[in-house]
Amino acid sequence: MVDGVTLTMGVAGSKLEKALGDHFPEGERYFGLENFGNTCYCNSVLQALYFCVPFREQLLEYYSSNKNPSEGDENLLTCLADLFSQISSQKKKTGVIAPKRFVQRVRKQNELFRGYMHQDAHEFLNFLLNELVDILEKESHKVTSLPQTSSAEHVANGLKNAQVNGVKKEPLVTLVHKYFQGILTNETRCLRCETVTARDETFLDLSLDIEQNSSITSCLKNFSSTETLNAEDKFFCDKCCSLQEAQKRMKIKKPPHILVIHLKRFKYMEQLGRYKKLSYRVVFPLELKLSNTVEDTDSEYSLFAVVVHVGSGPNHGHYVSLVKSHNHWLFFDDENVEMIDESAVQTFFGSAQEYSSNTDHGYILFYESLSAPKS
């Protein structure tokens, strides 16, 4: 046991090493994560984030400059950086790690994750990324309130553009913003005077409504489709100084480097008075062209991770993840890690029929831009 981290080498681990043989990537580590009763939602998201390589590298850089925080300084960021460091520095190539400190910290921070109920992986991802942003922003404020401190020296913390000696203040860019944040623009056109009002908003992921036998491309098109505002939904036009019929649409102004797409598989059914899981077949391609952008230039992305929900309902089930690493696809199911064929990814699209024995459905998709991230 190392600092609350159990290390074991299972049969699956040695099998994986045999399967990869001489093709085992230099310096890479494939470790399963122990489940603490109901923490598959956490494990599946952690694996997806670990194999988000630029994000992992920045966290390891952060860890190397913030090692051994005092008891009072421990937080979710230090625990996550410590866990990623534990995995990446293992002597063995495969095995199992128990992310005990990280899970304890999650439960301490948020009572939602304290019980042993089935949790939602998307809610957890949202909580984690927002919490990391809060921690990095607080650290930046501490840094900038110190005398003779230049924020440029703290890029290792994933920060830039911080306020220096109270003179310059630009929006803070943390390592979470750098990789995951995009900008949406909400355009509303008054049908009387034709004036277009645009409002920008940032996002860390896109939540998409889904339909049966559809694709990510069609879901994105629906997301950006034009909606008419009339009757009770009329828009107050500043130019006309009155409520007017208008057309509204959402476009992506700045695509993120890591595009996280959440498929809304859990829908509240009024007639049932509860949530129901939509097992719809939604095709997600290995390569995605994002065309609903303001510039109308295609941004190209490559799929590198999928968090999969296994089960027929929203209040029970299991989470696993599929990850692409060095052109190999791997299947992570808590402690177990195995290689899968690329063609197996399509078995997680969903079911074309309402009732199917297959309940393993893609839930959160992680795409990486083929262009370098903008610093």
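A residue is called buried when its relative accessible area is under 20%, exposed when that area is over 50%, and partly exposed in between (1.4 Å probe, protein chains only). At 6% relative accessibility, Asn186 counts as buried. The model is predicted, so local features need pLDDT of at least 70, side-chain atom pairs count only at pLDDT 80 or more, and totals for chains, interfaces and linings use all residues. Residues are numbered from 1 along each chain as its sequence is written, and side-chain values use heavy atoms, with hydrogens and water left out.

Confidence is described by pLDDT, the predictor's confidence in each residue, from 0 to 100. The mean pLDDT of the protein chain is 87. A value of 70 or more is reached by 86% of its residues. Over residues 1-5 the pLDDT is below 50. The pLDDT is also below 50 over residues 148-168.

Asn186 lies in strand 4 (residues 182-190). Strands (E, at least two residues) and helices (H or I, at least four) are DSSP runs, numbered from the N terminus. Contact means heavy atoms within 4.5 Å. Leaving aside neighbours within four places in sequence, Asn186 is in contact with Thr197, Ala198, Arg199, Glu201, Lys248, Arg249 and Met250.

Two strands pair if DSSP finds at least two bridges between them. Strand 4 and strand 5 pair over 8 bridges. Thr202 in strand 5 is the bridge partner of Ile183.

Pro256 lies in the loop between strand 11 (246-254) and strand 12 (258-263). Pro256 counts as buried because its relative accessibility is 2%. Its contacts beyond four places in sequence include Phe180, Phe203, Tyr301 and Ser369. Pro256 and Ser369 are 113 residues apart along the chain, yet their C-alpha atoms are separated by 7.7 Å.

A nonpolar core is a set of buried Ala, Val, Leu, Ile, Met, Phe, Trp, Tyr and Cys residues joined through side-chain atoms within 4.5 Å. The largest such core has 64 residues. Those with the most contacts inside it are Phe55, Phe102, Phe124, Phe180 and Phe366. Helix 6 (residues 121-144) gives the largest share, 10 residues. A second, separate core of 32 residues includes Leu208, Leu303, Val308 and Phe331. Beyond four places in sequence, Phe124 is in contact with Tyr41, Cys42, Val45, Phe102, Val106 and Phe113.
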